[in-house]
Amino acid sequence: MVFKMNKNKIRSRFIMSKPFCRCLLYVFMIIFFMYGISFAASVKTVLVVSIDALHPDALSPETSKNIYRLMQQGSYTLDGHSTHPPKTLVSHAAMFSGLSPEKGGRKNNSWHTGELQIKGKTIFNTAKSLGFSTGFFYSKEKLGFLVNPAVDQYKLDKNFSVDNAVTFLKTADKKAFCFLHVSGLDITGPIEGWLFPGYMEELFYIDDAIAPLIRLVESKENYLIIITSDHAGHGTIHGSDHPDDEKLPFIMVSDSVDSSPYQGITWHVADLKPFLDKILK
Ligand SMILES: [Zn+2]
């Protein structure tokens, strides 16, 4: 009798607690699922490299083996478009702010040290608000227009700026956002001609130079690497309304973000800010 009562009691407790257990299981599953999602999207190191004047058709295993490897490893599109006009500062201002000239973005392609800098929010504000330390390294004075209070470290280096980015990422906090602007093709293009041998040779040199930086970021967990450009050119001309002048690539590789939705898409230079707003949050 005693045994029977205990058995019933146990069974009764079990039956009563079953919905509770099921509920608990669902809660755990939801937490696990949410944690899984947030873990998947929790990027801690971001590297954006803008190779000035890079024509997407120049990319190949021969001219740019390191960038080409990233293209195979992640996702990319060669159907990227610059601003009108497709010029360095106008395009980078759209890249940073998400605003093309016709939507309130910058129209003036010139800027000198001491002049007013960008007022609206940029990709650095996105990164800073999410706890990233930020670094901006560029090779043209006019890009100084894009330095705002959300940039922790910045440096203009007309010759070379890859080392600045490497130093920043080696010494940065756990969450680091680095934007590197690489000059070279914008100088070679107008002299040698876009996609001509001298231009391809310069790309080979740039690709080789950024390789240690790429490897450094890949050695970290939860990274996002983006390789893009501001515009291209045709013959020895750029900045015109020729279709080639507005072309640019967009390449992304990450160990924690699914890049597949971006494969082969049509991209606009002003898409970078909303893209990062979405990916990094
Ligand atoms: Zn440019």
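Two residues are in contact if their C-beta atoms, placed from the backbone, lie within 7 Å. By that rule, leucine 224 touches Val43, Val46, Met252, Ser254, Val257 and Ile279, leaving out residues up to four places away in sequence. The model is predicted: local features need pLDDT of at least 70, side-chain atom pairs count only at pLDDT 80 or more, and totals for chains, interfaces and linings use all residues. Residues are numbered from 1 along each chain as its sequence is written. Helices (H or I, at least four residues) and strands (E, at least two) are DSSP runs, numbered from the N terminus.

**The sheet**

- Eight strands form an open sheet with mixed pairing, in the order β4-β3-β5-β1-β6-β7-β2-β8; two strands pair if DSSP finds at least two bridges between them.
- The edge strands, β4 (153-156) and β8 (267-268), each pair on one side only.
- Strands of a sheet pair through backbone hydrogen bonds, either parallel or antiparallel.
- β1 and β5 run parallel and are joined by seven bridges; in one of them, valine 46 has phenylalanine 177 of β5 as its partner.
- β1 also pairs with β6 in the parallel sense, over six bridges, and here valine 49 is partnered by isoleucine 227 of β6.
- Helix α5 lies across β1, β3 (133-138), β4 and β5, and runs at about 175° to β5. Axes are lines fitted to C-alpha atoms, for helices over the stretch in contact, and angles run from 0 to 180 degrees between N-to-C directions.

- Seven of the seven residues of β1 are buried, so β1 is largely enclosed by the rest of the structure. A residue is buried if 20 or more other C-beta atoms lie within 10 Å of its own, exposed if 12 or fewer, and partly exposed in between, with C-beta atoms placed from the backbone.
- In a regular strand the side chains alternate between the two faces of the sheet.
- Both faces of β1 are covered, with Thr45, Leu47, Val49 and Ile51 buried on one side and Val46, Val48 and Ser50 buried on the other.
- The largest nonpolar core has 70 residues, of which Val46, Cys178, Leu224, Ile225 and Ile251 touch the most other members. Helix α7 gives the most to this core, with eight residues.
- A nonpolar core is a set of buried Ala, Val, Leu, Ile, Met, Phe, Trp, Tyr and Cys residues joined through C-beta atoms within 7 Å.

**Helix α7**

- α7 (residues 197-218) has 22 residues and reaches 30 Å from its first C-alpha to its last, close to the expected 32 Å (1.5 Å times one less than the number of residues).
- At alanine 211 the helix α7 bends by about 35°, and proline 212 follows within four residues. The bend is the angle between axes fitted to the seven residues ending at a residue and the seven starting there.
- Buried residues of α7 include Tyr199, Met200, Leu203 and Ile206.
- Among the elements covering the buried residues of α7 are β1 (45-51), α2 (65-73), α5 (162-171) and β6 (223-228).

**Backbone exceptions**

- Most residues other than glycine have a negative phi, and most peptide bonds are trans.
- Alanine 53 has a positive phi of about 70°, and is found in the loop between β1 and α2. Alanine 53 counts as buried because it has 29 C-beta neighbours inside 10 Å.
- Asparagine 222, in the loop between α7 and β6, has a positive phi near 60°. With 18 C-beta neighbours inside 10 Å, asparagine 222 counts as partly exposed.
- Histidine 84 and proline 85 are joined by a cis peptide bond, with omega about 0°. Proline 85 is found in the loop between β2 (75-81) and α3 (88-97).
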